[in-house]
Amino acid sequence: MKLYLTYVLLLISFFVFSQEKQHTSYIDVNYFKGNIAVHNTDILHLIDGHPEGVILSWNKKTYGFNDWEQRYNYPDYGVTFISQNFKNAILGNSYSLYAHYNFYFLKRNLMFRIAQGLAYTTHPYDKVENYRNVAFGSSFLSSTAMMLNYKKERIVDKFGLQAGFSLIHYSNANVKAPNASTNTLAFNFGVTYSLDEEIPEYVTTLIGVKEKFTQPIKYNLVFRGGVNESDVVGSGQFPFYIISAYADKRINVKSALQFGTDVFFSKFLKELIYYKSVSFPEENVTGDEDYKRVGVFVGHELFINKTSLITQLGYYVYYPFDFEGQTYLRIGLKRYFTNKWFGSLTLKTHGAKAEAVEFGIGVRL
């Protein structure tokens, strides 16, 4: 539970909402219905209905009073609540809370929402009562939601409409097995309601201005950690630690390229190696294999105000025990507390297979 409380606190810190009076706000309420995508054949027995639910969001609009708002075409930010009925007795229902950004395209008629949050599921895996639920090994899950909607605000007085498609992903990122996860693909239709009478004018001081930005190479040192479990149900949760060092170079005001290395100390692998050596002699695991790994990676950082999005592609150069392949991906958020110090919340995966949610603290020099 402490791990998930930390997760919530980090999300709040990543999305510290401005209370400037020039900003306005609105709510939107959406009904959705769709299907669970077959990303893993292990969950075929869980797909026998059409999940449906409600998406309720509070949004704060920006008008360019800060430069980053103009750079990203005046996005909204806010909080989202989703209630979902999986229409499956094994999966039950889920309730989730997110922080989100809305980005706009096509003269602000097309909206893309990206949201990250925490979910509670009513029917997690239980070895006696609900052993068929291989999707959710715990009651609390990480969740990512996305929406692509056509949207018109203030069609009638303060009311507007929006419609489009949504994706809702639930996973505990192997904090506890099993963790096959689910992806709900759905059509949504909703109503928007503006909470303010006056609408400020958009600030356009950066329009037509080519921003020049230079910065020397920066060096980053990050310590990450958390707990996770192998795919063997009941094998136990173990801590992991990661030390990362990398250089980054800002190529413009929005982006930086990264190159660096990770050293992984994953205790669940130590247990898995022992388990394989005594349970599956045909796999030729001796039990003496090193559980540590070393990887090199290239990455990108997208700066949005004090929050940034990082994506990294890595390759293990020291890989004594085979686990999910020699390449890995990392995606997540950084929040700069000062010009040098930052916190991070990232997901490490091998393709579509999650290995861990990583909580990190780092310095950029």
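Three cavities of 30 Å³ or more sit inside this structure. A cavity is a set of points on a 1 Å grid over the protein atoms alone where a 1.4 Å probe fits but cannot get out. Grid points are joined across faces, edges and corners, and a volume is the space filled by probe spheres set on the points. This is a predicted model, in which local features need pLDDT of at least 70, side-chain atom pairs count only at pLDDT 80 or more, and totals for chains, interfaces and linings use all residues. Residues are numbered from 1 along each chain as its sequence is written, and side-chain values use heavy atoms, with hydrogens and water left out.

**Stop 1: a cavity**

Select Ile55, Thr80, Ile82, Arg113, Ala115, Ala145, Met146, Met147, Ser166, Leu167 and Ile168. They line the second largest cavity; lining residues have an atom within 4 Å of a point. Its volume is about 50 Å³. Strands S3, S5, S6 and S7 each supply at least two of the lining residues. Strands (E, at least two residues) are DSSP runs, numbered from the N terminus.

**Stop 2**

S3 (residues 76-85) and S4 (residues 93-105) run antiparallel, joined by 10 bridges. Two strands pair if DSSP finds at least two bridges between them. Now step across from Tyr98 to Gly117, its bridge partner in S5. S4 and S5 also run antiparallel, with 12 bridges. Go to the hairpin of S4 and S5, which has four residues between the strands. There, Leu106 takes a positive phi near 50°.

**Stop 3: the nonpolar cores**

Which members of the largest nonpolar core touch the most other members? Select Ile82, Leu91, Tyr98, Phe136 and Tyr170, out of 21 residues. Such a core is a set of buried Ala, Val, Leu, Ile, Met, Phe, Trp, Tyr and Cys residues joined through side-chain atoms within 4.5 Å. Strands S1 (25-36), S5 (110-121), S6 (140-156) and S7 (159-171) each give two or more residues to this core. S6 gives the most, with three. Another core, of 14 residues, lies apart from it; Ala256, Phe264, Phe297 and Ala356 are among them.

**Stop 4: the largest pocket**

Select Gln116, Thr144, His169, Ile331 and Leu347. Of the 46 lining residues, these are the closest to the centre of the largest pocket. A pocket is an open set of points with protein on both sides within 12 Å along at least five of seven lines. This one holds about 1200 Å³ of space. S6 supplies the largest share of the lining, five residues.

**Stop 5**

Go to Asn220 in strand S9 (residues 218-228). Is Asn220 buried or exposed? Asn220 counts as buried because its relative accessibility is 3%; buried means under 20% relative accessible area, exposed over 50%, partly exposed in between (1.4 Å probe, protein chains only). Its side chain makes a polar contact of 2.7 Å with the side chain of Asp248. A polar contact is a pair of N or O atoms within 3.5 Å; within protein, one must be able to donate a hydrogen and the other to accept it, and residues adjacent in sequence count only if both atoms are side-chain atoms.

Finish at Gln258 in strand S11 (residues 255-266). Gln258 is buried too, at 4% relative accessible area. Its side chain makes a polar contact with that of Glu301, at 3.4 Å.
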